[in-house]
Structure formats: C-alpha cells, structure tokens
Amino acid sequence: MAEYLKKIKRVLVDRAVEHTPLARRVRQRLSHLPWQVVDKQQDIAPSTDSNQVLYLKEYKGKFLRFCPGTRYYRCCGYRIIHIGENCPLNCTYCILRAYFQDKTLKVWANQNDLWNELDQAFGPNPDHLFRVGTGEFTDSLVLEPITGYSRDLVQFLAAYPNVCLELKTKIVDLSWVESVKRTDRVLPAWSLNSPDVYKKEEIESAPLEERLKAARECARLGFRVCLHFDPIIHYPGWEKGYTQIIEMIFDYLEPENIAYFSLGSFRCMPDLFKIIARESPHSTFIYNEFITGLDGKQRLLLPLRLKQFLFIARKLKQKGLNKQLYFCMESDQVWKKVMGYTPGELGGLNNHLLKLAFGVLV
Ligand code: SF4
C-alpha cells in the first residue's frame, strides 16, 4: 500500500450507506482499520495530516457541476462529477488546503444517487457532448486502490458514448483500465511539473518518471492522455526545470498521444498564502510578485506570467504540440500574445476542447 494511504487510521461511514457495494469494498480492503458507523455529524472526529479519517458519506448535494471558473477569464467549460473531497497527497500549493478547513477524506458512497443524476443529465441528450472529470475537489485516482470509484464510473459511463471522462491524477493506478469498453471515451490525465517543483512541493505524489510511464502504457493500450502544467511555479532556475520535464515527456510520448495540454500559472485565494507560509515554510515561491486578479485571486504579475508561458509554449510547440495547448483561466490578451489567437477564434474554448476530447480535431 502506498505511504500516503497508510496515513488513514480510521473509517467512518454514514449508516445510510453502510451496506452499499462501495462501503463493503472499502471495509474489505481496509479490514485492519477501526470502522465506525455514524448517525450524526457530532460523531465525526477531526482528521490530521498523520492521522487521517476516511469518511464514506451519504452526499445530499449535486454530483454534476460546472467547474468554478469565473466570467473574467477564459474558462474551458469542463463539468465536474463530484465524487468526494480532499486529498492525502498534501501538495504545498494545493488549493484544497484553503477550500476545506479539515483534512478528512470524504467519499460519496451513495453511488445509486450519482448514477441516477448522471443518467438524467446524459441520457436524454445523446447528441449533446459532455467533457467531464472527477479531479477538481480531489485527485481522481488517489483513493482508487481503496474505493475502486473510477472503475465503477467508467463501467457506468460505457452506456453514454456522448460523455468523455478525464481522470486527472498525480499518482499511478491503472486498475480501472480493464473495465474500459471504449478507450476513446476516457482520458487518463497527469499533472506534471518541473523536477524541482516535484521534489519541493509535491513530494508525496508519484515520481514524474512513474507518471510518464503510466501515460505511455495508456497510450499503448489505445487511450489518448491529457497533460497539465498547473500550477506553473516561478522560481530561480524555472527555465531549466521546465525544459527538463518537457524533454522527459517526449521521451515517453508522441504528440499524437496527447489529447490536450493545459498551462496554468499558480493562482489562489489569499488565504492559501497564509496556510503555505505557516505549514510549508520551505515553499518560498509565495514571496514572488503577485497581484490581485479580477476574480479576487492572487496571480503572478503579468510580465512574469507571460515570460513563462511564452518559454514553455514555444518548447512544447517545437515538440509538435499546437492546438492541443490551452490556458486555464487566462485572458484573451495572454492567449493572443502566446498562442497568436484567442479562444473565440477557435470557436470558443469549450467547443475546442470538446472536439479535442472526442478526437474530432488533432
Ligand atoms: S494531487 Fe492535486 S488534489 Fe491532491 S494535494 Fe496535490 S494538488 Fe491537491
């Protein structure tokens, strides 16, 4: 079992979902841990970094959501399938540290409610294409060895060819692969970063080489993969670091293996700075030049952002990527300066990424 999973010390389960297939599976896989059935919120003991609680919950909210983009920047129109909250990998820059005040790993175990909601959304609209993913409020695969959630999800979505599912992760787990019926409707995705950022800020994730080996294996099996540089961090020597990871990527993959590739500069609500300063004093990148963006988030000064984007995009284009590149939450001004066109000129970012996801455009 991976080290980060060993930090889980207890499992809580809402009584309403105690006998669901997912809860039974978790109970079997974590049979060595204490198991407690919860009747009310007060029964929930707080989680810490080293003493984590896994909470299998009856979720009452909406499972299918829009990605929380803002109207000020170009959003990609991604839909989130919400399967749980929090992540045990503890990347220093993780926005979830500010989103969620507690460390409890929550998994929505009332999967029948999820299947019903997804069927109502996707079933009546077979001509409407959906690009969906689970990696927004957690890592898509980080709990997969325990829950098998993505395996269930790809099996369920096999009946909806109008849906393309992205599984975004920083770990390696391919246990769900054998359940996939159509490799053109699932996009395994890895977030990557420079080796310096990996060593300093995301040390509990899988080594970069392991992620790339897994991506190559997926390509061999017939999938196209997605890659993400998000967050791009500005630090002394970043040019060398991002050059290294770009070289590594193309040691393992061909450009045509990559459905799309996002670039996103580090940005966050101001609260995260305080958390990083307090809990990760070695993370000095927060002392860079940040401004408050139109969405209230802190982001790197535009000239610094542009310099990084121009450098990285040029290198990726030299390796053969072109229209697969996109920005997460940037302005038309940045698009025009770096890519030479705006999302509007592509027919809108949402449409463009749908075409890339469904393999209509390469
Ligand atoms: S892998 Fe993603 S979700 Fe998990 S801690 Fe890192 S940034 Fe956060």
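**Close-ups of a predicted model**

Just after helix H12, Gly340 takes a positive phi of about 90°. Helices (H or I, at least four residues) and strands (E, at least two) are DSSP runs, numbered from the N terminus. This is a predicted model, where local features need pLDDT of at least 70, side-chain atom pairs count only at pLDDT 80 or more, and totals for chains, interfaces and linings use all residues. Residues are numbered from 1 along each chain as its sequence is written.

**View A. Helix H12 and its two sides.** Val334, Trp335, Val338 and Met339 are buried in H12 (residues 332–339); buried here is 20 or more other C-beta atoms within 10 Å of a residue's own, exposed is 12 or fewer, partly exposed is in between, and C-beta atoms are placed from the backbone. Those buried residues fall within an arc of 100° seen down the axis, so they line one face of the helix (the arc is that of the directions from the helix axis to the C-beta atoms). Gln333 and Lys336, on the other side, are exposed.

**View B. An open sheet of five strands.** The order is S2-S1-S3-S7-S6, with mixed pairing; two strands pair if DSSP finds at least two bridges between them. S2 (35–38) and S6 (84–85) are the edge strands, each pairing on one side only. S1 (residues 8–14) runs parallel to S2 over four bridges, and Val11 stands opposite Trp35 in S2.

**View C. Around the ligand.** Among the residues surrounding the ligand are Cys87, Cys91, Cys94, Asp139, Lys170 and Glu202, with the C-beta atom, placed from the backbone, within 6 Å.
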